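Let's take a walk through this structure together, one piece at a time. Have the sequence and the 3D view ready, and turn the view as you read.

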Amino acid sequence: MKRKTRMWSNLSAKIASIPMLITAVGVFILCVAYSIALSFTPSRYFPKFDFIGFDQYIRLWTTDRWTISVYNLLIFGVLFIGFCLVIGFILAVLIDRNIRMEGVFRTIFLYPYALSFVVTGLIWQWMMDPALGIQNVVRNLGWESFNFAPLTSTEYAIYGVVIAAVWQGTGLIMCLMLAGLRGIDREIWKAARVDGIPLWRTYVFIIIPMIRPVIVTAVVLKAISVVRVYDLVVAQTGGGPGIATEVPAKFVIDHFTERGNVAIAMAAATMMLLPVLLLVGPWVYNEYVRRARA
Amino acid sequence: MGGQGWQEDLTFDDVFMGVGGKDLWNRVYVDRDEDAAKSEEMAKVFETFGKLRDLTDEGSAGRNWNDTTSLVVRGKAAAQAMGDWARGEFVLAGKKAGEDYGCVPGPSENPVLTTGGDVFIFPKQDNPEVEAAQLRLASMLLDPDVQVKFNTAKGSTPVRGDVNMASADACMQKGLALLENDDNIALPKNAILSSDTDGRIQDLVSQFWTTPSMTIEDVQNQFAEILQDGS
């Protein structure tokens with residue numbers, strides 16, 4: 001009897017959450033399971049369920065284009081998140097020092113974020129074009145030996161992509177950091193000044209630990225955009241020169257569509273899901289399961 | 001050349017046909033002869049292709065084919081390996097074939113044309129009226145007059161051999177002359193290979209093109225491996 005009343009309590013709330021439940025189970029769990037299952041088959045354009053074991057994974061990891069993609073994602077991820085955090089924090093600090101026309105600067109720095117990655121990619125493709133962009137302008141000003149055309153070199157092209165992404169993404173981090181800085185009690189500043197602690201030490205040892213939650217949010221937001229980066233590369237370099245700026249998401253989409261090899265695309269997608277699960281799993285456990293028990 | 005995967009691949013095909021010839025092409029792609037893919041002739045194809053790297057400009061990386069064609073039109077580049085679609089850019093710029101610019105099939109002593117085209121497919125349905133309309137569109141597309149007008153405008157060759165292409169320009173005449181002898185016609189590799197294998201070769205060719213340190217032996221082994229492995 002008691003059980004029954006519990007089941008029927010909050011009935012309307014339970015009905016309201018059914019669509020979300022269907023989406024969560026249907027889209028996330030079933031589709032992910034289906035994708036993983038496909039990665040063990042020889043499917044081309046259409047699913048074909050002959051299980052062939054890890055063949056697709058073996059081919060994946062012996063394909064230069066995939067290993068280069070993974071390597072690029074690591075370089076891109078570390079540099080992009082790193083630079084966004086450092087530059088975003090410095091900009092936030094500068095704005096927080098009560099400068100004049102704060103609103104204007106904030107808008108300028110945040111503005112790139114209003115652009116999509118596709119537009120960002122095209123803008124920087126032109127800026128980095130040796131015959132049209134920055135290099136050409138500086139050379140015409142008289143500095144003949146000036147070199148700035150990262151996208152033409154297989155070695156440096158990925159850094160060109162990082163520059164474009166940092167330009168686009170820093171503004172948001174700055175705003176997050178600024179909100180964090182504004183949330184800090186003014187008394188702490190006074191106390192630090194009374195104790196005669198230098199400004200930079202106040203920031204590094206007192207303020208940064210205090211805005212840790214903001215930094216974690218920023219890293220999570222950026223990490224998500226790193227794993228799925230696709231449009232920026234397509235617009236800016238098309239994965240070139242050669243295959244120097246390929247990324248995993250592009251590998252998946254290209255093989256899924258024009259290459260007509262669903263199985264290897266799903267194997268690659270599964271490999272992309274793995275690190276996410278490995279990172280998110282322990283965190284979810286820590287945040288929810290352990291805390292609920294405590 | 002514009003440095004995008006498919007353009008590099010297209011130039012590679014040209015070099016393959018020019019240096020290796022149609023026989024080698026068929027042995028490598030149609031028969032999947034591993035010895036042919038690892039042969040001296042094939043090494044020469046990759047070597048020649050590699051040498052062409054010096055003939056491109058600094059702005060090549062990632063450039064679209066039509067921006068590259070425009071460099072030829074404006075006299076800033078000497079030549080580009082492209083298909084008939086590039087002719088539209090010349091027509092738009094008011095240039096005449098045979099006078100302002102020329103075409104070379106090949107370049108080779110025995111030039112070969114790889115044929116390709118687009119298809120129209122009608123989904124199956126039951127309505128007789130729609131079927132009549134489909135038939136009308138199909139008849140119109142293949143009508144001799146329409147074929148002449150369309151191909152003269154586009155610069156391509158007609159899909160039927162019984163039409164009078166006297167209105168064709170100097171570039172098209174070269175293609176039409178080649179079409180007359182079956183020995184000069186080969187299947188493009190995207191018609192022979194699965195899109196997956198074709199794509200892997202494109203990746204390899206593109207990687208080789210942008211990595212001058214890659215050895216001929218290395219690229220040739222990978223090339224042979226892909227052809228043995230893929231469908």
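Which residues are linked in a network of salt bridges? They are A:Arg65, A:Glu246, A:Lys250, A:Asp254, A:Arg259 and B:Asp203. Keep in mind that you're looking at a predicted model.

A:Arg65 makes a salt bridge with A:Asp254, with 2.8 Å between the closest N and O atoms. A:Arg65 sits in helix α5 of chain A and A:Asp254 in helix α14 (residues 248–256) of chain A, so this pair ties together parts that lie 189 residues apart in sequence. Now, are these two partners buried or exposed? A:Arg65 is buried, with a relative accessible area of 3%, and A:Asp254 is buried too, at 11%.

The network also has a member from chain B, namely B:Asp203. You'll find B:Asp203 in helix α10 (residues 195–210) of chain B. B:Asp203 counts as buried, because its relative accessible area is 12% and the cut-off for buried is under 20%. And what does B:Asp203 touch, once its neighbours within four places in sequence are left aside? The answer is A:Arg65, A:Ile243 and A:Arg259.

That brings us to the place where the two chains meet. Chain A puts 22 residues into the contact, and chain B puts in 14 residues. The area buried between chain A and chain B comes to about 1500 Å², with carbon and sulfur atoms giving 42% of it. Between the two chains the count is four salt bridges. To see a salt bridge between the chains, look for A:Arg44 and B:Asp196, whose closest N and O atoms are 2.8 Å apart. Ten residue pairs are in polar contact between chain A and chain B, with both residues at pLDDT 80 or more. On the side of chain A that touches chain B, the elements giving two or more residues are α5 and α8 (134–140) of chain A. The largest share of that side, three residues, comes from α5(A), the helix that also holds A:Arg65.

Next, follow chain A to helix α12, which covers residues 212–227. This helix has 16 residues and reaches 23 Å from its first C-alpha to its last, close to the 22 Å expected at 1.5 Å a residue. Which residues of α12(A) are buried? They're A:Val214, A:Ile215, A:Ala218, A:Lys222, A:Ser225 and A:Val226. Look down the axis of α12(A) and you'll see these buried residues fall within an arc of 110°, so they line one face of the helix. The buried residues of α12(A) pack against α5 (64–96), α9 (157–182) and α11 (199–210) of chain A. Over on the other side of α12(A), A:Arg212 and A:Pro213 are exposed. For A:Arg212, the relative accessibility is 57%.

The side chain of A:Arg182 meets that of A:Glu102 in a salt bridge (3.3 Å, N to O). This pair links distant parts of the chain, with A:Glu102 in helix α6 (residues 102–110) of chain A and A:Arg182 in helix α9 of chain A, 80 residues apart. A:Glu102 counts as buried at 18% relative accessibility, whereas A:Arg182 is partly exposed at 37%.

Chain B has eleven helices and two strands, and along the sequence the pattern reads α-α-α-α-α-β-α-α-α-β-α-α-α. The C-alpha trace of chain B spans about 60 × 45 × 35 Å along its principal axes. Of the 231 residues in chain B, 38% are buried. B:Asp13 is in helix α1 (residues 5–30) of chain B and B:Lys189 in helix α9 (residues 189–192) of chain B, so the pair ties together parts 176 residues apart in sequence. B:Asp13 is buried at 15% relative accessibility, and B:Lys189 is buried at 2%.

Notes. Residues are numbered from 1 along each chain as its sequence is written. Chains are lettered from A and ligands numbered from 1 in the order in which they are written. This is a predicted model: local features need pLDDT of at least 70, side-chain atom pairs count only at pLDDT 80 or more; totals for chains, interfaces and linings use all residues. Side-chain values use heavy atoms; hydrogens and water are left out. Helices (H or I, at least four residues) and strands (E, at least two) are DSSP runs, numbered from the N terminus. The expected span of a helix is 1.5 Å times one less than its number of residues. Buried means under 20% relative accessible area, exposed over 50%, partly exposed in between (1.4 Å probe, protein chains only). The arc is that of the directions from the helix axis to the C-beta atoms. Contact means heavy atoms within 4.5 Å. Buried area is the accessible area (1.4 Å probe) that two parts lose on being put together, summed over both. A polar contact is a pair of N or O atoms within 3.5 Å; within protein, one must be able to donate a hydrogen and the other to accept it, and residues adjacent in sequence count only if both atoms are side-chain atoms.
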